[in-house]
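Me: I have just opened this one and have not looked at it before. Could you walk me through it while I ask things as they come up?

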Amino acid sequence: MSVEKAVHASAWQGSRVLVNSDKNRRFAWWYLAEYRVRHMRKWATAILIFGIGNPILYLFSIGLGIGALVDANSGGAGVDGVPYLTFLAPALLASAAIQGAQDETVFPVMQGFIWDKGFFAVNSTPVSSRDIVHGVLTAALIRTLITTAIYELVLLGFGGITLANMLPMYVTAILAAMAYSCVMVGMAGYASENGSFMEVVQRLIIFPMFMFSGTFYPIETTPIYLQWFGWISPLWHATDLSRAISYGHSIEPWVLVVHIAYLALWAVVGLAIAYPKFAKRLSA
């Protein structure tokens with residue numbers, strides 16, 4: 001045996017030693033999330049522009065523009081007893097978080113199942129369908145944490161929120177975003193190759209939720225036949241909770257519990273939909 005062969009023979013330990021398969025299986029969800037985060041870096045500029053730019057336009061046009069008219073014509077009372085920008089800021093923060101989380105759940109799921117079918121390749125390894133669900137949601141959480149924090153700093157700079165209330169409002173917005181994204185992951189699992197899933201989501205879910213969840217005006221001022229949409233919307237629950245944190249919006253203690261429980265219910269229901277659907281679709 002040559003010296004070179006002897007060295008290689010003594011150094012070789014076998015793949016089971018060199019590759020920790022148990023660790024790989026245990027952290028498979030994290031490796032998938034890491035891949036998604038690295039993929040985001042290619043679109044970082046677009047993510048910031050669309051994830052933060054649109055809410056900033058609403059901040060200028062409605063919060064500052066229309067808000068000035070509302071404050072000037074309300075005798076200084078504003079809306080709900082505070083300046084209009086203060087009233088609007090919690091809703092804009094929650095909306096920005098939900099929109100960012102949706103983009104980072106729906107599009108990756110459609111890519112993995114339809115466009116490049118990458119989920120099938122990933123699932124051919126020891127990575128399970130649940131690992132894929134958790135990885136997508138973790139990547140969405142990372143993106144939402146970053147974009148929501150930046151937008152909250154913008155709101156702070158314009159006086160829409162105070163420094164003392166930043167952290168609880170931030171947590172509330174993230175909670176709503178992840179509750180909503182759990183449901184969207186499950187729903188996106190049903191998207192078909194020739195379907196128009198995103199058009200349906202934007203027109204029948206996002207737009208009505210943004211308009212009728214008490215975002216721009218108290219939900220009590222809308223007709224009763226529209227209020228139900230706000231009651232079932234995670235955006236309204238997050239906004240109402242955040243307004244109580246931000247400026248002391250008056251709500252009963254049991255309503256606070258309902259808000260948090262309802263958002264948690266969305267997460268549970270979403271995962272209950274996503275787990276079996278991903279498993280079934282990947283095994284087909």
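This is a predicted model: local features need pLDDT of at least 70, side-chain atom pairs count only at pLDDT 80 or more; totals for chains, interfaces and linings use all residues.

Me: Where does V82 lie?

Reply: V82 lies in a loop, the one that runs between α5 (44-72) and α6 (84-115). Its C-alpha atom is separated by 9.9 Å from that of G248, although the two residues are 166 residues apart along the chain.

Me: And what does G248 follow?

Reply: G248 follows helix α12, and its phi is positive, near 80°.

Me: Tell me about α12 then; how many residues has it, and how far does it reach?

Reply: Helix α12 covers residues 234-247, which makes 14 residues, and from its first C-alpha to its last it reaches 20 Å, close to the 20 Å expected at 1.5 Å a residue. At its start, a side-chain oxygen of S233 comes to within 3.1 Å of the backbone nitrogen of L235.

Me: Is α12 mostly covered or mostly open?

Reply: It is mostly covered, since 12 of the 14 residues in α12 are buried. Among them are W236, H237, D240, R243 and Y247.

Me: Which helices do those buried residues pack against?

Reply: The buried residues of α12 pack against α6, α9, α10, α11 and α13.

Me: Stepping back, how many helices and strands are there in the protein chain?

Reply: The protein chain has 13 helices and zero strands. Along its principal axes, the C-alpha trace spans about 95 × 40 × 35 Å.

Me: Changing topic, how many aromatic pairs does the structure hold?

Reply: The structure holds 11 aromatic pairs. One of them joins Y180 and W266, which are stacked at 6.2 Å centre to centre with 25° between the planes. This pair links distant parts of the chain, with Y180 in helix α9 (residues 166-188) and W266 in helix α13 (residues 253-283), 86 residues apart.

Me: Is Y180 itself buried or exposed?

Reply: Y180 is buried, because its relative accessible area is 1%, which falls under the 20% cut-off.

Me: Which residues form an aromatic cluster?

Reply: F113, F119, F120 and F278 form one aromatic cluster. The ring of F113 also has the charged end of R281 over it, 4.7 Å from the ring's centre.

Me: Which other ring has an arginine over it?

Reply: The charged end of R130 sits over the ring of Y275, at 4.0 Å from the centre of that ring.

Me: Last one: where is T215, and what does its side chain reach?

Reply: T215 lies in the loop between α10 (197-212) and α11 (224-231), and its side chain reaches the backbone oxygen of F210 at 2.8 Å. T215 counts as buried, because its relative accessibility is 0%. Leaving out residues up to four places away in sequence, T215 touches F87, L88, A91, M209, F210, L235 and R243, and of these L235 and R243 are among the buried residues of α12.

Notes
Residues are numbered from 1 along each chain as its sequence is written. Side-chain values use heavy atoms; hydrogens and water are left out. Helices (H or I, at least four residues) and strands (E, at least two) are DSSP runs, numbered from the N terminus. Rings of Phe, Tyr and Trp (its six-membered ring) pair if their centres lie within 6.5 Å; planes under 30 degrees apart count as stacked, over 60 as edge-to-face and the rest as tilted. Buried means under 20% relative accessible area, exposed over 50%, partly exposed in between (1.4 Å probe, protein chains only). A charge sits over a ring if NZ of Lys or CZ of Arg is within 6 Å of the ring centre and within 35 degrees of the ring normal. A polar contact is a pair of N or O atoms within 3.5 Å; within protein, one must be able to donate a hydrogen and the other to accept it, and residues adjacent in sequence count only if both atoms are side-chain atoms. Contact means heavy atoms within 4.5 Å. The expected span of a helix is 1.5 Å times one less than its number of residues.
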